[in-house]
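This report sets out selected local features of the structure shown below.

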Amino acid sequence: MMERLSFAIYMIVLVIGVLLFGAVHTYAYTLVKIGVLGASLLVVADMVKLDGGRRVIRIPQNPFLIGFFLIAAVVLLQMLPVFSSGVIAWFSPQSVVVSGWKPLVMDAGSLTGSIAPYIHPVRESLIRWVVYGLFFLGMVHVLNTRKRIETAIWVILVLGCFDAVYGIFETYSGSNHIWWFTKFAYAEVVTGTYVNRNHFAGLMEMGVMLAAGFTVAMVNRKRAPGGRTDRKSPAGDWKKRLVAAMDQVVFKRALVLFMGIVMGVGLILSASRGGIISASLGLLTMALLLLFKKNHRRKSLVLLCLFLGIMVYGLSVGMDYTVRRFESFDSTFEARSRLARDTLRIYDDFSRTGIGMGNLRYAFPRYQAIEDADGFVDYSHNDWAQFLAEAGVVGAVALLTGVGFYLTGFWRRWRKRNDVSAIGLGAASISAMVSIGVHSYSDFNLHIPANFLMLMAVMAIGCSAVFLEHHPEGERPAFRYWELPVKSGGAAVLIAILWVMGWVGVWTVRHAAAEGYCNTVNNSTLKSNSDPPIENIAKAIDWNPSNARYWYKLGSALVRFRNKGYIVITPGVADNESAEDFGKSQMDTIKQPGSPILEPASRCLSEQDPSGKTIFCQHAIIYALEQAAMRNPFEADYHLLLGWEYTRITRFTDFMTKWLPAADAAMKRAAVMTGDVSSAIQESLGNYWVMRTTTYPYKNKQWKDAWENAVVHYRKAQKITKGKNLKLLQKRVGEFLKQYYPNEDMEWDA
């Protein structure tokens with residue numbers, strides 16, 4: 001019962017992930033994670049068996065386990081609190097450089113050091129990896145009969161076929177919708193239920209591989225008993241004849257082949273060049289695997305039929321746009337190669353343990369080429385280069401070891417099998433891995449939750465088919481098992497498994513709840529307030545304080561309130577309350593709905609204010625911004641705003657010796673982190689150093705150094721800016737200079 005229920009949940013999760021835009025949005029991937037955890041909990045319960053009067057937990061010795069644990073260990077290493085900067089420096093010297101600064105308001109000791117400069121995306125990556133691993137291992141556990149394996153295949157093929165047909169209809173009918181969402185990009189190509197055509201192509205590739213392998217698996221299969229129809233049966237018995245015909249292996253084989261053709265046509269009409277090339281290499285891999293098996297070489301003709309069918313249907317509906325896309329292949333390949341090269345520059349600086357899984361989007365601006373200055377890079381469009389940059393040599397060794405161990409164990413088993421299902425479905429899983437692996441060289445399919453789950457599903461089908469043995473007493477997997485008595489070592493293992501699943505579940509809920517209050521994950525399909533009420537931001541921080549974006553949004557909101565003449569303030573500030581304690585007490589006040597959190601700024605910014613609220617109001621802003629910059633030191637915006645806010649502590653006697661030098665350091669960090677891709681940040685940095693010149697005697701060495709910094713940043717902004725925006729930039733800079741040097745002709749333009 002538990003097996004059937006968990007299998008049903010896994011299938012529902014797979015379908016939901018694909019239909020909800022590839023599960024790239026918070027609401028979708030939260031449902032997927034919770035579903036996988038629920039089904040896996042049932043699987044764990046089913047693993048506890050009664051053996052000779054004692055309860056044991058039976059864990060299969062699956063070849064996937066080595067890679068699963070190795071990669072999980074690498075990600076865990078990146079986020080563990082190390083405390084000692086010397087240890088961090090040994091693992092990742094650049095991490096010390098990036099994170100090696102001290103805040104002035106918040107307690108630096110409140111954040112423990114880790115190898116990855118920013119922990120939040122690393123933890124999210126670990127959660128996803130655990131969910132993917134549980135999904136694969138759970139699927140292998142429940143796919144313990146041929147009937148259930150075939151059911152899973154039919155679900156996937158119907159899902160892929162529906163996605164292709166739905167995408168074709170929406171594109172060629174002119175509707176251009178994905179459910180309620182109107183497509184603005186890729187309107188001329190098929191994307192199914194995905195926003196991005198390349199991710200839809202990744203799904204189609206795996207569907208085509210599975211259809212091809214399943215067709216091969218049915219080539220020599222005998223007809224089911226009673227499958228022959230009685231030609232002399234009366235005409236009124238047509239329903240029975242139809243059902244009997246549907247049961248014929250030939251009909252099923254033709255249907256599977258047709259579904260593969262439909263998905264192949266969807267792939268071609270997506271105009272994804274990487275997808276088409278990858279699918280071709282996947283089919284070639286399957287053909288080579290079949291040629292390796294002497295008794296099954298003729299089955300490679302199935303692949304030829306599939307390929308020809310796809311081409312015939314593709315030509316009939318029109319492939320002009322797809323062909324034109326290949327004509328511009330060189331320019332696109334150069335752009336993506338440049339992204340990969342810039343990504344490998346990150347690896348050069350963080351070669352041992354990487355920058356931390358999920359951190360590329362934050363670190364990349366520092367390395368981004370000026371040719372790509374117009375866009376923000378979430379992914380490097382090369383999953384392998386990105387993995388190397390984020391996980392370093394340690395991660396690469398773990399990945400290669402895990403994949404090598406899995407493929408070795410899989411190959412040893414596959415080459416000994418003569419069962420047609422094991423051969424066809426095993427070849428399909430390897431071909432799907434090759435196809436998606438090649439496609440990931442020029443895209444980021446492995447960062448799409450639905451596609452990664454689909455890859456795990458196809459691999460689990462192949463693994464289950466290859467290891468499934470048929471005995472007189474029934475079918476059972478041929479895995480070896482660790483059998484651990486629950487009363488001894490098994491209890492500890494069981495508790496550890498449940499603790500990990502509980503940890504993943506808790507943080508999945510906390511992340512979703514925080515995003516519900518304050519959205520920071522891109523979501524193009526649902527309207528969300530990018531500037532939520534300040535109390536909502538505080539509640540998001542309460543749910544997930546490790547997300548630096550929440551702290552930055554809080555600091556920015558406080559700045560806006562202050563600039564409008566209001567400030568968030570906690571009534572009754574104690575005389576001996578520290579700045580950090582005040583910041584925490586403010587958080588408690590902000591979270592109370594309807595509380596009087598706004599007071600006129602004049603009441604807390606007055607020079608005659610004896611309570612010291614002047615200090616604390618500005619400290620509250622700095623406290624939030626320091627939290628953001630300390631948690632995610634890669635973001636130039638955080639350092640930039642923090643530096644400007646440091647300059648507002650003018651009433652302190654140590655302003656020139658403490659706060660202004662801290663502002664200088666923040667601006668220098670912002671300059672390093674932004675690289676050469678943001679004109680707005682470069683302009684703001686130039687403005688800062690112009691302001692800074694006024695604190696030095698005119699044209700002395702310090703003045704000249706500050707002015708030179710300003711000129712450097714202004715010229716970088718000028719180099720990045722194009723067209724009409726360049727004239728506007730020059731006008732703004734000229735007006736800003738006149739504010740400080742009205743009688744001087746300050747030359748800065750290159």
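Predicted model: local features only at pLDDT ≥ 70, side-chain atom pairs only at ≥ 80, totals over all residues.

Ala271 lies in the loop between α10 (249–269) and α11. Its phi is near 60°, a positive value in a residue other than glycine. Most residues other than glycine have a negative phi.

Asn176 also has a positive phi, of about 55°, although it is not a glycine. This residue belongs to the loop between α7 and β3 (177–178). With a relative accessible area of 16%, Asn176 falls under the 20% limit and is therefore buried.

## Helix packing

Two packed helices are described by the angle between their axes and the distance between the axes. For helix α1 (residues 2–19) and helix α7 (residues 146–172), the axes come within 11 Å and cross at roughly 15°. Because angles under 35 degrees count as roughly parallel, α1 is roughly parallel to α7. The crossing of α1 and α7 is right-handed.

Helix α20 (residues 534–543) packs against helix α21 (residues 548–563) at an angle of about 155°, and their axes are 9 Å apart. Angles over 145 degrees count as roughly antiparallel, so α20 is roughly antiparallel to α21. The crossing in which α20 passes α21 is left-handed.

## Salt bridges

How many salt bridges does the model contain? The count comes to 17 salt bridges, where a side-chain nitrogen of Lys or Arg must lie within 4 Å of a carboxyl oxygen of Asp or Glu. Among them is the pair formed by the side chains of Asp342 and Arg345, with an N to O distance of 3.7 Å. Asp342 and Arg345 are three residues apart in helix α14 (residues 329–349), so about one helical turn separates them. Asp342 is buried, with a relative accessible area of 7%, whereas Arg345 counts as partly exposed at 40% relative accessibility.

Another salt bridge joins the side chains of Arg560 and Asp531, at 4.0 Å from N to O. Because Arg560 lies in helix α21 and Asp531 in the loop between α19 (486–517) and α20, the pair ties together parts that are 29 residues apart in sequence. Arg560 is partly exposed, with a relative accessible area of 37%. Asp531 likewise counts as partly exposed, at 48% relative accessibility.

Arg692 and Asp664 form a further salt bridge, in which the closest N and O atoms are 2.8 Å apart. This pair links distant parts of the chain, with Arg692 in helix α26 (residues 679–693) and Asp664 in helix α25 (residues 655–674), 28 residues apart. Both Arg692 and Asp664 are buried.

## A nonpolar surface patch

Which residues form a nonpolar patch on the surface? The patch consists of Ile277, Leu281, Leu284, Leu288, Leu291 and Val438, which together have about 460 Å² of accessible area. Helix α11 (residues 273–292) contributes the largest share of the patch, five residues.

Leu281 is found in helix α11. At 34% relative accessibility, Leu281 counts as partly exposed.

## Contacts between residues separated in sequence

Where does Glu390 lie, and is this residue buried or exposed? Glu390 is found in helix α16 (residues 383–416), and its relative accessible area of 2% means that Glu390 is buried. Glu390 and Leu360 are 30 residues apart in sequence, yet their C-alpha atoms are 6.6 Å apart in space.

His447 lies in the loop between α17 (420–439) and α18 (449–467). With a relative accessible area of 27%, His447 is partly exposed. The C-alpha atoms of His447 and Tyr379 are separated by 8.6 Å, while the two residues are 68 residues apart along the chain.

Notes: Residues numbered from 1 in each chain as written. Heavy atoms only, no water. Patch = residues over 30% accessible without salt bridge, like charges linked within 9 Å, V, L, I, M, F, W, Y side chains within 5 Å. Areas by Shrake-Rupley, 256 points an atom, 1.4 Å probe, with all protein chains shown as cover. Helix = DSSP H or I, 4+ residues; strand = E, 2+ residues; numbered from the N terminus. Buried < 20%, exposed > 50% of the residue type's maximum accessible area, 1.4 Å probe, protein only. Axes fitted to C-alpha atoms, helices over the stretch in contact; angles between N-to-C directions. Parallel < 35°, antiparallel > 145°, perpendicular 65-115°, else oblique. Left-handed = near helix turned anticlockwise from the far one by under 90°.
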